[in-house]
Amino acid sequence: MTVPVKLAVAGVGNNISALAQGILHYADAVAGGADIDALPGVRRGSIGGLAVYDVQFVAAYDIDPGKVGTELYDAMLRPPNNYPRLDVRLEPTGVTVEQGLTDSDEHAGPLSDQIVRIAESLRAAGAEVLLYSLPTGLQWAATAYAEAALAAGVAFVNCTPESVGRDEELSTRFIAAGVPLIGDDLASHLGTSIVHRSLLGLLAERGISLHSSYQLNLGGNQDFRNLRDRGASKRDSKLNALAKAGVQLDRVDVIPSAGFVAHLEDHKVGYLNIEGVGWAGTPVEIDLKLKVQDSSNAAGVIIDLIRIAAAAIRVGEKGFVPAAVPLLKSPPKGHGAYTELEVEASYDSLAARIA
């Protein structure tokens, strides 16, 4: 019998609501006879022997007074979260949202009382993976939660643009401790970055010279509200994601949050413009609009990242796991440092070593 991933989460926002409800949705589907390898919206039904629904929430941390002290499933449905309620049965998880790290902990060292408290909580919960999903722009918090995971011997997955997986000193310490560290910044299932990168790569492949390009993103969830003021790290990470195509990034501009539009709720709308030069200097132009359920777009990738992290810690793999590269905007050393064969070999290694 498969032992589910024991997952702790830092931040109980829309992404966690989408993840938790989606896990139940797929469990119901398979119980009803659906083929696990043909589930809509799922890239890999199984990773390292872990099915898409093999996840058990064991701990959660947040600072919202309306969520702290509340049962996890209740907390994830509370405003300002606005991910839709799916047709699944939300039975109590037994997990109460604990007080997370606050701004007063920003300048605390790696062995501060609050980080030690989180580490002890992770150990007591038996967590294997800590998923970091706080708002963008909180570098201190990303580092602090990574320190807590390291102290507890728990694999760490960073969903945000903050530098954790790319932090060489921190990565070295995770390797020395024999703990997986996966980041940075998830690449959504079908987001503006992956579409933009594909189109820019297509131009280069077909011999069209890039003149200029831009990407604008709008949304109505808390992430977009936050990005209006804290979008710098997100912009850098999105540019990292485009670098794989080998384009001249000085000709590309990205605005992670071109606007917060409340009535969009958890939907994201992306606008892409690409202007190129073809044969004899004639112009080529592409204008594209992409609309997605933002947190579903994230959860479809998060489910793979946490299973990779759990499989890695179970087989004793440490540091960064190459299988995660296609799922991230800013992996350590960039996308060009890993070949497709290395990525697939990493997946195969996890499965073979567990078997």
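Trainee: Why are helix α3 (residues 113-125) and helix α4 (residues 139-152) called oblique to each other?

Mentor: Their axes cross at roughly 50° and come within 8 Å. Angles under 35 degrees count as roughly parallel, over 145 as roughly antiparallel, 65 to 115 as roughly perpendicular and the rest as oblique. An axis here is a line fitted to C-alpha atoms, for helices over the stretch in contact, and angles run from 0 to 180 degrees between N-to-C directions.

Trainee: What kind of model are these values computed from?

Mentor: This is a predicted model, in which local features need pLDDT of at least 70, side-chain atom pairs count only at pLDDT 80 or more, and totals for chains, interfaces and linings use all residues. Residues are numbered from 1 along each chain as its sequence is written, and side-chain values use heavy atoms, with hydrogens and water left out.

Trainee: Which residues of α3 and α4 meet?

Mentor: On α3 they are Ile115, Ile118, Ala119, Leu122 and Arg123. On α4 they are Ala144, Tyr145, Glu147, Ala148, Ala149, Ala151 and Ala152. Contact means heavy atoms within 4.5 Å. By class, this contact has 10 nonpolar residues, no polar ones and two charged ones. Ala, Val, Leu, Ile, Met, Phe, Trp, Tyr, Cys and Pro count as nonpolar, Asp, Glu, Lys and Arg as charged, and the others, Gly among them, as polar.

Trainee: Is the crossing of α3 and α4 left-handed or right-handed?

Mentor: The crossing of α3 and α4 is right-handed. The near helix is turned clockwise from the far one by less than a right angle in that case, and anticlockwise in a left-handed crossing.

Trainee: What makes α9 and α10 oblique?

Mentor: Helix α9 (residues 294-315) and helix α10 (residues 340-354) cross at roughly 50°, and their axes come within 10 Å. That angle is therefore oblique by the rule already given. α9 passes α10 in a left-handed crossing. Ile308, Ala311, Ala312 and Val315 of α9 meet Tyr347, Leu350, Arg353 and Ile354 of α10. That contact has seven nonpolar residues, no polar ones and one charged one.

Trainee: At what angle do α6 and α8 pack?

Mentor: Helix α6 (residues 192-205) and helix α8 (residues 232-242) pack at about 40°, with axes 9 Å apart. α6 supplies Thr192, Ser193, His196, Arg197 and Leu200 to the contact, and α8 supplies Lys238, Ala241 and Leu242. These residues divide into three nonpolar, three polar and two charged.

Trainee: Which strands form the open sheet, and in what order?

Mentor: The order is β10-β9-β11-β12, with mixed pairing. The edge strands are β10 (252-260) and β12, each with a single partner, so one side of each is left without a neighbour in the sheet. The twist averages 15° from one strand to the next. Within the sheet, β9 (residues 209-219) pairs with β11 over 10 antiparallel bridges, and Leu216 has Tyr271 in β11 as its bridge partner.

Trainee: Which strands does α6 lie across?

Mentor: α6 lies across β9, β10, β11 and β12, and runs at about 15° to β11. α9 also packs on the sheet, where it touches β11 and β12, and its direction makes about 85° with that of β12.

Trainee: What makes the bond from Pro79 to Pro80, and the phi of Asp185, worth a remark?

Mentor: Most residues other than glycine have a negative phi, and most peptide bonds are trans. The bond from Pro79 to Pro80 is cis, with omega near 10°, and the bond from Gly183 to Asp184 is cis, with omega near 20°. Asp185 has a positive phi of about 65° although it is not a glycine, and it lies in the loop between β8 and α6.

Trainee: How do you know that the chain agrees with a compact globule?

Mentor: The rule is 2.2 Å times the number of residues to the power 0.38, with the radius of gyration taken over C-alpha atoms. For 355 residues a compact globule would have a radius near 20 Å, and the chain has 20 Å, which agrees.

Conventions:
Helix = DSSP H or I, 4+ residues; strand = E, 2+ residues; numbered from the N terminus. Pairing = 2+ DSSP bridges.
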